[in-house]
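Visitor: I am new to this structure and would be grateful for a close look at a single part of it. Would you please guide me through the salt bridges?

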Amino acid sequence: MTALSATTTRLATGRRTKDHSTASLVFLGLLWLSLLIAFVTLIALVVTTIDAGAPRLDARLLTEYPSSRPEEAGARPAVLGSLWVIVTTAVLAIPLGIAAALHLEEFADRRHWINRFVELNIQNLSAIPSIIYGMLAIGALTLIGVRNKNIVIGGALALALLILPVVIIATREALRAVPAEMREASLALGATPLQTAWRITLPSSIPGIATGTILALSRALGEAAPLLLLGALVFISFDPNGLLSGFTTMPIQIYGWTNSPQAGFRELAAAASVLLMVILLAMNALAIVIRNRYQRRW
């Protein structure tokens, strides 16, 4: 017993010495320094953007149409276009993503090579640059004979392809968090696997699914590259009114204003950037509220 205690003490002392070595302390210091630099840079950018756009943070930004005169211009079509595209993206991606995740996690045979191939591709697709999804959307629209690709459904298709892997991964993680005992109890009471998944597993994982999907939609809201590849308009003076309507979104409108030589348009771009940040923060806050309010501890 004495030898065992001495060995344990020696191992614990060695572990503490290793954890507090010079190299680990230097690495920890560099880590905190990098985080501090990133945080300070982010705060500086946010403060600078708010200061630059403060004069145009008014109702005109939401109610007026783009104009060649910056004092009369607004982002109404871009705000409505973003709303149309994001809602359509959610309708396309969320049901399909949840269904795919439910099948892969609850019913698919993980030993089969097809399922392993699908899972590998889902993991890889979540890290592909967003512009590739714009190319995929162009190919899909061309395949079905759509000539004008600058339409709401085209942009929503590109963004749905972009966030679909994220939705699937987030949903699978939420399903895995449900204890296996709940599934076994449901099956023991005579429920079928489908009834168990639909009435027990899926409702219990809704908080995690909602959080993941909202964060995925937040990412889609800030994307511009795939939409620019589809030919999204930088300057429009009408409201989108359907899935086949032309559109622009807030990131694209900001991109167009920042390329203008007039200082007034750069001021508008800063104000629109602040509005976009507020929307993204509100969506992230909603995800946190849903997670904290409905999360269950098993």
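Guide: The structure holds 12 salt bridges, a salt bridge being a side-chain nitrogen of Lys or Arg within 4 Å of a carboxyl oxygen of Asp or Glu. The model is predicted, and local features need pLDDT of at least 70, side-chain atom pairs count only at pLDDT 80 or more, and totals for chains, interfaces and linings use all residues. Residues are numbered from 1 along each chain as its sequence is written, and side-chain values use heavy atoms, with hydrogens and water left out.

One of these bridges joins arginine 76 to aspartate 239, with 3.0 Å from N to O. This pair links distant parts of the chain, 163 residues apart: arginine 76 belongs to helix α4, while aspartate 239 lies in the loop between α11 (225–229) and α12 (250–258). Helices here are DSSP runs (H or I, at least four residues), numbered from the N terminus. Arginine 76 is partly exposed at 27% relative accessible area, and aspartate 239 is partly exposed at 23%; this class lies between buried (under 20%) and exposed (over 50%), with a 1.4 Å probe and protein chains only.

Arginine 172 and glutamate 105 also meet in a salt bridge, at 3.0 Å from N to O. Here arginine 172 of helix α7 (residues 152–176) is linked to glutamate 105 of helix α4, 67 residues apart. Both arginine 172 and glutamate 105 are buried.

Within helix α7, arginine 176 and glutamate 173 are separated by about one helical turn because they are three residues apart. Their side chains form a salt bridge of 3.1 Å, N to O. Arginine 176 is partly exposed at 43%, as is glutamate 173 at 46%.

Finally, Glu105, Glu119, Arg172, Glu173 and Arg176 are linked in a network of salt bridges.

Technical notes. Helix = DSSP H or I, 4+ residues; strand = E, 2+ residues; numbered from the N terminus.
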